[in-house]
Amino acid sequence: MTKEYKTRIADKLLARKLAGKGAVLIEGPKWCGKTTTARQQAKSILDLGDSSVLRQSEQMMEVSPQTVLQGDTPRLIDEWQTIPSLWDSVRSEVDKRNAFSQFILTGSSVPPQANATVHSGTGRYARIKMRPMSLFESGDSSGTVSLRSLFEGETFQPQTADADLPQIAYLTCRGGWPQATLLRGNIALDQAFDYVDAVIERDIQRVDGVRRSPERARLLLRSYARHISQQVSYATIKADMQSNDAKTLDADTMADYIKALKHLFVIEDLEAWNPNIRSKAAIRTSDTRHFVDPSIGTAVLGLGPDDLIRDLETFGLFFEDLAVRDLRVFAEALDGRLCHYRDSSGLECDTVLHRRNGTYGLIEIKLGGEKLIEEGVKALKTLSATIDTTRMKSPSFMMVLTAVGQYAYQRPDGIFIVPISCLRD
């Protein structure tokens with residue numbers, strides 16, 4: 001392991017995927033640690049983020065593609081999407097070698113469209129999505145409560161938690177950027193501002209070569225931040241942008257900017273869960289608006305920890321964004337996906353962690369305090385009673401995930417109350 005490398009949940013997942021595929025693609029936003037994680041298991045490296053290496057490799061791809069792929073395995077090809085033809089070359093080489101653990105590809109934007117490659121890579125490639133660090137990975141959670149154990153039917157003795165509201169506010173604004181977790185105070189907080197500026201000024205232009213207005217990109221990110229953790233329509237976001245944009249803004253233009261930000265893994269909305277329910281209420285299918293890390297939203301709005309403390313309603317929404325980030329990281333390790341639930345009767349559940357084997361957990365997210373916790377408990381019980389257990393499993397567990405609280409514990413009614421500073425995969 002490299003100096004100061006903090007163990008990532010993706011480490012074990014990468015080893016597992018390499019053991020069963022010839023190539024593994026690691027996707028995710030810039031600065032989230034993809035390359036550093038890949039380097040822990042790679043035996044040779046082709047760094048296409050280095051402009052001189054990129055130029056030479058482009059020339060070599062025209063003369064002898066196989067030469068670019070030569071090296072001890074697994075061979076890491078960093079920022080592979082800068083030479084899209086590498087995708088097919090790797091796929092072909094995997095076929096020729098007929099062996100596992102040959103290549104690791106990393107990319108900070110989505111792969112090119114299908115017509116840019118000959119083959120999808122099915123059967124040769126496995127995919128891993130990395131995100132900024134969860135609090136457990138950054139060392140800001142004790143990890144005394146394991147989601148995996150809860151899915152396996154285990155419980156736990158009450159655990160102490162010592163994070164207070166100012167600390168959670170700081171962690172929300174700092175984000176899970178690996179470099180930021182090694183820094184302190186305002187220097188750590190600066191990393192998110194730098195990230196946002198890089199996305200707006202450079203990355204949104206480079207993702208597909210389309211010229212876009214930095215001012216408009218910033219307006220869109222600010223509107224997303226104002227509607228964070230809410231199920232608002234694109235029409236609402238468009239109207240919010242128009243109130244601050246003197247230029248004509250049509251739906252196609254806004255959709256183009258959103259698509260670009262999704263390709264950069266900046267925006268990552270939360271899809272709706274569609275369970276079997278006894279109720280006749282219609283299940284709402286709108287996505288909940290989220291960033292890949294809460295610090296993107298606080299930075300683009302110019303908010304710091306003190307601002308969140310002074311506005312607990314806004315803090316609650318950004319804390320939900322933080323919790324969604326962590327739960328998504330854990331879901332990857334648990335072969336699961338994260339969703340939300342809402343129906344026409346007004347019943348909601350902030351997150352549902354649904355695993356590939358059909359098991360799932362219902363999780364409400366609250367800042368803390370008895371009143372808010374009781375609201376979460378009530379919602380969990382109501383939704384659980386609505387699920388048709390003749391057609392699907394009962395929830396493996398129900399949890400209220402809080403920002404603060406002295407203890408993680410299980411109530412007499414079976415519902416877990418867990419401060420986020422205790423949670424792990």
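Colleague: In which sense do strand β9 and strand β10 pair, and over how many bridges?

Modeller: Bear in mind that this is a predicted model. Strand β9 covers residues 348-355 and strand β10 covers residues 360-366. The two pair in the antiparallel sense, over four bridges. Take Leu353 as an example: its bridge partner in β10 is Gly361. In general, strands of a sheet pair through backbone hydrogen bonds, either parallel or antiparallel.

Now widen the view. β9 and β10 belong to an open sheet of seven strands. The order is β7-β12-β13-β11-β10-β9-β8. Pairing across the sheet is mixed. At the edges stand β7 (159-160) and β8 (336-342). Each has a single partner strand, so one side of each is left without a neighbour in the sheet.

Next, the helices over the sheet. α16 (312-333) lies across β8, β9, β10 and β11. Its direction is about 155° to β10. Helix α17, residues 370-386, lies across β8, β9, β10, β11 and β13. α17 also runs at about 155° to β10.

Follow α16 away from the sheet. α16 is among the elements that cover the buried residues of α1. The cover also includes β1 (23-27), α2 (34-39), β4 (103-107), β5 (125-129) and α6 (135-138). Helix α1 spans residues 9-18. Its buried residues are Ile9, Ala10, Asp11, Leu13, Leu14 and Leu18.

Glu268 sits in the loop between α13 (251-263) and α14 (294-300). Glu268 counts as buried because its relative accessible area is 13%, and the cut-off is under 20%. Leaving out residues up to four places away in sequence, Glu268 touches Lys129, Arg131, His290, Phe291, Val292 and Arg328.

Last, a helix pair. The axes of α10 (residues 185-206) and α11 (residues 214-226) come within 9 Å and cross at roughly 125°. That makes α10 oblique to α11. Their crossing is right-handed. From α10, the residues in contact are Val196, Asp197, Ile200, Glu201, Ile204 and Gln205. They meet Pro214, Ala217, Arg218 and Leu221 in α11. By class, this contact has six nonpolar, one polar and three charged residues.

Definitions and conventions
Residues numbered from 1 in each chain as written. Predicted model: local features only at pLDDT ≥ 70, side-chain atom pairs only at ≥ 80, totals over all residues. Heavy atoms only, no water. Buried < 20%, exposed > 50% of the residue type's maximum accessible area, 1.4 Å probe, protein only. Contact = heavy atoms within 4.5 Å. Axes fitted to C-alpha atoms, helices over the stretch in contact; angles between N-to-C directions. Parallel < 35°, antiparallel > 145°, perpendicular 65-115°, else oblique. Left-handed = near helix turned anticlockwise from the far one by under 90°. Nonpolar A, V, L, I, M, F, W, Y, C, P; charged D, E, K, R; others polar. Pairing = 2+ DSSP bridges.
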